[in-house]
Amino acid sequence: MSDDLIETLLAAPYVAKFGVRIERKGDELTGILPYAEHLVGNPLVPALHGGAVGAFLEIIASATLLASQPLLKLPKPIDVAVDYLRPARPEDVYARAFIGRAGSRVANVRAEAWQGRRDAQVATLHGHFLIKSAK
């Protein structure tokens, strides 16, 4: 069920426009936001648009929730805070999310995005998501 929902999430027009891919190794998901010119927010720097990076983090947080437990439908963000730590260069961005706590209705998730070095994050996300557990 959750793999079907991950495919549904990735096929949504909003998500498909970004071209987000997910690689699964064991119980860990890594999201990839492939570089595309339409994602550049400031061509003078150049840097990817913060909204694109923030949306990517939200997508990976949702996919991680879907992969971690049986859910009946896609998670819905309740509140999300994104910290932009450095400009995202015009190249692929990678992300992983970590679930702090997931109850039957609300989950707390943290996600990190990086380029090149994982310890040099370009942005982080902290959020609460409304979930409907199948348990």
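Residues are numbered from 1 along each chain as its sequence is written, and side-chain values use heavy atoms, with hydrogens and water left out. Because the model is predicted, local features need pLDDT of at least 70 and side-chain atom pairs count only at pLDDT 80 or more, while totals for chains, interfaces and linings use all residues.

Side chains of opposite charge can pair when their charged atoms come close. A salt bridge was taken as a side-chain nitrogen of Lys or Arg within 4 Å of a carboxyl oxygen of Asp or Glu. A search of the whole structure returned four salt bridges. Among them is the pair formed by Glu28 and Arg96, at 3.4 Å from N to O. Glu28 belongs to strand S2 (residues 28-33) and Arg96 to strand S6 (residues 93-102), so this pair ties together parts that lie 68 residues apart in sequence. Strands (E, at least two residues) are DSSP runs, numbered from the N terminus.

Accessibility was classed by relative accessible area: buried is under 20%, exposed is over 50%, and partly exposed is in between (1.4 Å probe, protein chains only). Glu28 is partly exposed, at 33%. Arg96 is buried, at 17%.

Another salt bridge joins the side chains of Glu91 and Arg89, at 2.9 Å from N to O. Glu91 is partly exposed, with a relative accessibility of 32%. Arg89 is also partly exposed, at 37%.

Arg117 and Asp119 form a further salt bridge through their side chains, with an N to O distance of 3.0 Å. Both Arg117 and Asp119 are exposed.

Terms used. Helices (H or I, at least four residues) and strands (E, at least two) are DSSP runs, numbered from the N terminus.
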